[in-house]
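Reader: I have a new structure to look at. Can you take me through a few spots in it?

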Amino acid sequence: MNEIRVRKHLSTFQIIILGFLGVILIGTVLLMLPFSTSDWKGASFLDALFTATSATCVTGLVVEDTATYWSGFGQAVILTLIQIGGMGVVTLAVAITIISGKKIGLMQRSTMQESIAAPQVGGIVRLTRFIVTTALSIELLGAICMFPVFYKDFGLGKGIWYSVWHSVSAFCNAGFDLMGVREHYSSLVSYAENPVINLVIMFLIITGGIGFLTWNDIRTHKWHLHKYRMQSKIVFVVTAILLVFPALYFYFIEFNYPQWAWLSGKERFWGALFQAVTPRTAGFNTLDLTKMSEPGQAIMTILMLIGGSPGSTAGGMKTTTIAVLILSMLSVFGRREHVEVFDRRVASETVKYAAAVLLMYLIFCLGGGILISSIEHLPMLECIFEAGSAIGTVGLTLGLTPDLSPVSHVILTVLMYFGRVGGLTVVFAAVSGTKPNVSKAPKEKITVG
């Protein structure tokens, strides 16, 4: 009797989620080692898991102050996880394969395509080379620009380390900082008026968050914007809107509240710009967010949920998702059959995906916030802010996360993981292998709205 062997292939979506999970578990083990912490006792499993997840999912939420709790080795592990998570597990795996001279198979190319949301498999290896070299070049440029400031404040050795750390953390939209040496969990508050740190960090956040395909359009077409793909045009427009209008709100409305009366003109200007940039989805802050008004917190929560753009280092439900939904709404108002923008028609499948992503993020954010509020007996809005920061992989906090119970930490960990790998990726991985239903049931109209 012949032996029959059945070989099961993992889908590209399963490879992506398992790849992130594998990196998180390796990071957890490394952070539990005695020499990973400054006291040489090692982190507990839950603290190590939370930190590894936050770093790999480029979130920035922490349960222990990064600068003082972790040793140099622990910080190096965290920074490595940030780089892997920001670039994407699959991207770096393919890059290593290219460097080693091994052949890239069709499966690896297909997985890479899904990982960076590329429109086609063709040219994916060249695109990978471009992504890796461009990312490392931008991070190096950011570190060089910030080095004079950190050298002045911390000396040569720390100046180099702090420059590299914050450049990688900002470009990967992670939000981890080493400013706890001045005050625990203080982020970049001490640089609220520093134009170099503000400009460089904002540049890195925006550059990392616009997406690899948008970089490719910039490289290929330069200033010929009419030649850009529709997605890149949408990314530019939505990004500009989400930067300008929140900045105007913070400058003219939020910072007129009494609790901000102490702000100088420079702090008010840079604070308005920075607080408009960082929720999408970096996690740094230059002002004390606990003083933010409830409308200000609500606006930041919305920005955190929207996040960056597809195929980028940022998280969130993405700028294109909210754009497609708004365009769909406008097409309904105009009684148009199809969703159109920039003389192109948006596929109906894309509209359905966008609606599904929005609903999933809202359910997870509100559900996580409600659970944490019920468990910890804390104000609902503040808990939704923390949950939105986790699901959007942002890392901004109102100071709640370090003091939450283990159960709430587990909730935030799950939200961070879900937010980084993507809602549809998890769903498609779960239903992979099931045959699509091609039959059609009788149609009946439902009244909505």
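Predicted model: local features only at pLDDT ≥ 70, side-chain atom pairs only at ≥ 80, totals over all residues.

Reader: Where is Ile-197 found?

Author: Ile-197 is in helix H8, residues 195-209 (helices are DSSP runs of H or I, at least four residues, numbered from the N terminus).

Reader: Is Ile-197 buried or exposed?

Author: Buried, because its relative accessible area is 2% (buried means under 20%, exposed over 50%, partly exposed in between, with a 1.4 Å probe and protein chains only).

Reader: And what is Ile-197 in contact with, leaving aside neighbours within four places in sequence?

Author: Met-146, Val-149, Phe-150, Leu-188 and Tyr-191, where contact means heavy atoms within 4.5 Å.

Reader: New topic. How many aromatic pairs are there?

Author: A search of the whole structure gives 20. Rings of Phe, Tyr and Trp (its six-membered ring) pair if their centres lie within 6.5 Å; planes under 30 degrees apart are stacked, over 60 edge-to-face, the rest tilted. Tyr-249 and Phe-250 are edge-to-face, because their planes are at 70 degrees, with centres 5.5 Å apart.

Reader: Is Phe-250 buried or exposed?

Author: Phe-250 is buried, at 0% relative accessibility.

Reader: Which residue has its charged end over the ring of Tyr-251?

Author: Arg-268, 4.7 Å from the ring centre. The rule asks for NZ of Lys or CZ of Arg within 6 Å of the centre and within 35 degrees of the ring normal. Arg-219 likewise lies over the face of Phe-130, at 4.1 Å.

Note on methods
Residues numbered from 1 in each chain as written. Heavy atoms only, no water. Helix = DSSP H or I, 4+ residues; strand = E, 2+ residues; numbered from the N terminus.
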